Amino acid sequence: MNRQGRPTTPHAAANSAATGTLTGNRGLQMEEALLFEMGQDGRTGVDLPDAPKVKDRLGGLRRAGKIGLPGLSEPQVIRHFVRLSQKNYSIDAGLYPLGSCTMKHNPRLNEKMARLPGLGDVHPLQPVSTVQGALQVIDTLAGWLKTLTGMPAVAMSPAAGAHGELCGLMAIRAALKARGDVRKRILAPESAHGTNPATAALCGYTVDPIPATADGRVDLEALQAKLGPDVAAIMLTNPNTCGLFERDIKKVADMVHAAGAFFYCDGANFNAIVGKVRPGDLGIDCMHINLHKTFSTPHGGGGPGSGPVVLSDSLKDFVPVPYVVHGKDGLTLVESGDTKSFGRMKSFHGQMGMFIRALAYMMSHGADGLKRVAEDSVLSANYVLASLKDIMSPSFEGPCMHEALFDDRFLKDTGVTTLDFAKAMIDEGYHPMTVYFPLVVHGAMLIEPTESESKDSVDTFVNTLRGLAEKAIAGGENVAMFQAAPQLTPRRRLDETRAARSPVLRWKPGSNGAPIDKAAAE
Amino acid sequence: MTTRYSKDHEWIRLEGDVATVGISDYAQSQLGDVVFVDLPAKGKTVDAGAEVAVVESVKAASEVYAPAGGEVVETNQAIVDDPSLVNRAAQTDGWFVKLKLSNKAELDALMDQAAYDAYLKTL
């Protein structure tokens, strides 16, 4: 069981706030109906001539009823989607301090490169002779990733971080199988990303948690006690999800290797060490790299992820197909054949659009610039930690790496919870930080400012958090404000319990707003 | 018929050969509203400390560990149908599984009520 305290139903005060306007709009924040609620029969964006009368060959399959699409004009549709987009919070709208997610700025140069016709308009089924440039992008990016990590091989096709974890564990499983060694257990620290145990379970392993020490790192004694001949691998994040560098990582690698197991590193937090530390030098056997975190490609609803996996000498033979090789007529792809590869993970070659953006980011920064990325991201997080440590409660002694972890001790006996605190940040115009993760601290608040933010921006953010913390600690009528937050959003606090226990997953005619023809919608 | 507790906040109560297992009242209060419970199949054998069920609240999914090893002889369908029962009656009607224990001596390693109450004060 975890030990989190978090209310899950809205406070009574949250339900009372009405807009008081005639339209239901809040200023320029429009109350937006669904397209199906707005649509009317016979309304259309284009005038089409009646279809010519021809004999059809549909027999009894001819459609009898209406198809139930909403009738809308072009400006209605445009306004609908523009208004929806205005309700969205994004990294382009403001600071996005979501810990462990690295919501950094997505440079526009990346977008320009991805739209170059020779890259943006190619098709994966084109003959390789016509896409040499695209293959060179993949190959060059692979070269950068291998250099930055100090690893001899990289699998480019995994489509996201968790997919990369799966790739890594499948390579480990293949390597174990190749030496006739069936192992059953995967070790993962209690502070691991939820995807680590999920990936291990999907690969058929049982997951054994390793406790943390009081200073937030892996407990080496507990690790030694859990290691044995049935342990396939350890999955460790470094820096870990408490924002701390696992300083015993080389010892961990030696212990794991001595037990005949492999060392998987979750590279979600590579942003903090890129250019400074090469995972290959730490004894890591494989690690995924979230291009959409460390290398600035859009994510969080803005674009697909991409999770290439670097592999050590002991795993490189098992790399999934396809991969790019240098042939006698230029670059070509190995898509199958008599390799030890464990197979294919994804159709085609991976997230090409993200490869281009990540490479653009790397090349525009250069090796020295990437080092600065790590330094500035760590500096930003430590600035947040140092600025708030007197009023909020840091979970561990500093300094931290790229993210600052607080727990809810500063809210003790205030009546305000971590969730209330996060919701109040929304009223202040901020996307909340990561809350209630990692589970190893109570009421966690994990803040990752990233290197994108200016000092002014971080100062405003820090001052906002300080002000909120002062309000919460002062108590009195402030408590109701926290419990009712957010009050300035299009919707107030949601009833998460009801949503989970009786989810309404489908809109039906007449269930909300204007009804439409029932037969048409069914 | 004394109730014993694990450090992971499961309780276990032995009656004859069969022990009933659930999560403590403290655990349910910390989890918040329970929205989903996943129970094992009858006949499954679990070791002490191994995962025997999953409980999910709006804020987290957590494993329920078997405080002692044995065979699952009965599961509580009532909490699958109505997960809120775990919140309302964690230590009575909201039990999870009944285990036929393989080694009753394993219970000795667990906390009694007084020890568990003292443990909660340290958290």
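Hi everyone, let me start with helix 9 of chain A, whose buried residues pack against helix 8 (220-226), strand 4 (231-237) and strand 5 (262-266) of chain A. A word on the model before I go on: it is predicted, local features need pLDDT of at least 70, side-chain atom pairs count only at pLDDT 80 or more, and totals for chains, interfaces and linings use all residues. Residues are numbered from 1 along each chain as its sequence is written, and chains are lettered from A and ligands numbered from 1 in the order in which they are written.

Helices and strands here are DSSP runs numbered from the N terminus (H or I, at least four residues, for helices; E, at least two, for strands). Buried means 20 or more other C-beta atoms within 10 Å of a residue's own, exposed means 12 or fewer, and partly exposed is in between, with C-beta atoms placed from the backbone.

Back to helix 9, residues 249-258 of chain A: its buried residues are I249(A), V252(A) and V256(A). They cover an arc of only 55° around the axis, which puts them on the same side of helix 9 of chain A; the arc is that of the directions from the helix axis to the C-beta atoms. As a reminder, an α-helix has 3.6 residues a turn, so residues three or four places apart point the same way. Just after helix 9 of chain A, G260(A) has a positive phi of about 80°.

Now for two helix pairs. Axes are lines fitted to C-alpha atoms, for helices over the stretch in contact, and angles run from 0 to 180 degrees between N-to-C directions.

In chain A, helix 10 (residues 352-388) packs with helix 12 (residues 455-474) at about 30°, their axes 10 Å apart. Helix 10 and helix 12 of chain A are therefore roughly parallel (under 35 degrees; over 145 is roughly antiparallel, 65 to 115 roughly perpendicular, and the rest oblique). On the helix 10 side of chain A, the contact uses S380(A), Y383(A), V384(A), S387(A) and L388(A), while helix 12 of chain A brings V458(A), V462(A), L465(A) and R466(A). Contact means C-beta atoms, placed from the backbone, within 7 Å.

The second pair in chain A is helix 6 (residues 161-178) and helix 7 (residues 195-202), at about 45° with axes 9 Å apart. Helix 6 and helix 7 of chain A are therefore oblique to each other.

Which residues does I186(A) touch, not counting those up to four places away in sequence? They are A200(A), Y205(A), V207(A), A232(A), A233(A) and M235(A). I186(A) sits in strand 2 (residues 185-189) of chain A and counts as buried, with 26 C-beta neighbours inside 10 Å.

T102(A) has phi near 45°, a positive value in a residue other than glycine. T102(A) lies in the loop between helix 2 (74-87) and helix 3 (108-114) of chain A, and is buried, with 27 other C-beta atoms within 10 Å. S296(A), also not a glycine, has a positive phi near 65°, and counts as buried with 28 C-beta neighbours inside 10 Å.

There are cis peptide bonds to look at too. One joins G398(A) and P399(A), with omega about -5°; P399(A) is in the loop between strand 10 (393-394) and strand 11 (404-407) of chain A. Another runs from A485(A) to P486(A), with omega near 0°.

Technical notes. Two residues are in contact if their C-beta atoms, placed from the backbone, lie within 7 Å.
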